[in-house]
Amino acid sequence: MSKTLLVEIRNIAIGVIILAVQVLVTLPTKFFGLSAIFGTLLGCAVAILNFALMGIILERCVSKQKGASGLMGVGYIGRLALIALAVIWATKVDYLNYVCVIIPLIFPQISIFILNLTRKKEREVSEDERT
């Protein structure tokens with residue numbers, strides 16, 4: 001794994017954890033109980049693992065020209081199966097709230113959006129300093 005990928009995975013993981021804490025603070029935990037906490041933790045773990053696997057597979061596809069599309073397809077199906085297994089597992093057991101498993105799956109997209117906004121502002125500031 002490249003250093004850039006590790007930094008991006010770390011940034012996304014931090015964003016996912018911050019958003020998860022915000023969700024857990026705002027959820028009425030008396031109503032949902034521990035299943036909300038466990039569900040959110042599982043959802044965050046799956047979201048971070050999904051993003052990490054996507055990055056690892058993309059790196060391998062870039063370095064390996066032949067068979068890259070097949071690897072991407074297998075990787076996509078595998079990541080989709082990981083998400084499906086987590087959601088199905090959460091619907092079958094009582095100690096996981098399935099809604100709280102599903103919600104963190106969109107946290108990486110929100111984290112990427114926020115990171116892109118902050119990076120855009122940093123680029124604008126650095127361009128203003130150069131002129």
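How much space lies in the largest cavity? About 40 Å³ lies there. This is a predicted model, in which local features need pLDDT of at least 70 and side-chain atom pairs count only at pLDDT 80 or more, while totals for chains, interfaces and linings use all residues. Residues are numbered from 1 along each chain as its sequence is written, and side-chain values use heavy atoms, with hydrogens and water left out.

**The cavity**

- On a 1 Å grid over the protein atoms alone, a cavity is a set of points where a 1.4 Å probe fits but cannot get out, and lining residues have an atom within 4 Å of a point.
- A volume is the space filled by probe spheres set on the points, which are joined across faces, edges and corners.
- The count comes to 1 cavity of 30 Å³ or more.
- Met-54, Ile-57, Leu-58, Met-72, Gly-75, Tyr-76 and Arg-79 line the largest cavity.
- Helix α4 gives the most to this lining, with 4 residues; helices here are DSSP runs (H or I, at least four residues), numbered from the N terminus.
- The lining divides into 5 nonpolar, 1 polar and 1 charged residue (Ala, Val, Leu, Ile, Met, Phe, Trp, Tyr, Cys and Pro count as nonpolar, Asp, Glu, Lys and Arg as charged, and the others, Gly among them, as polar).

**The largest pocket**

- A pocket is an open set of points with protein on both sides within 12 Å along at least five of seven lines.
- The largest pocket has a volume of about 210 Å³.
- α3 (34-63), α4 (68-92) and α6 (107-130) each supply at least two residues of its lining.
- Among the lining residues are Phe-51, Tyr-76, Leu-105 and Ile-112.
- This lining holds 9 nonpolar, 2 polar and 1 charged residue.

**The salt bridge**

- There is 1 salt bridge (a side-chain nitrogen of Lys or Arg within 4 Å of a carboxyl oxygen of Asp or Glu).
- Arg-119 pairs with Glu-8, their closest N and O atoms being 2.8 Å apart.
- Arg-119 lies in α6 and Glu-8 in α1 (residues 3-26), so the pair ties together parts 111 residues apart in sequence.

**The aromatic pair**

- The whole structure has 1 aromatic pair (rings of Phe, Tyr and Trp, its six-membered ring, with centres within 6.5 Å; planes under 30 degrees apart count as stacked, over 60 as edge-to-face and the rest as tilted).
- Trp-89 and Tyr-95 have ring centres 6.4 Å apart and planes at 80°, so the pair is edge-to-face.
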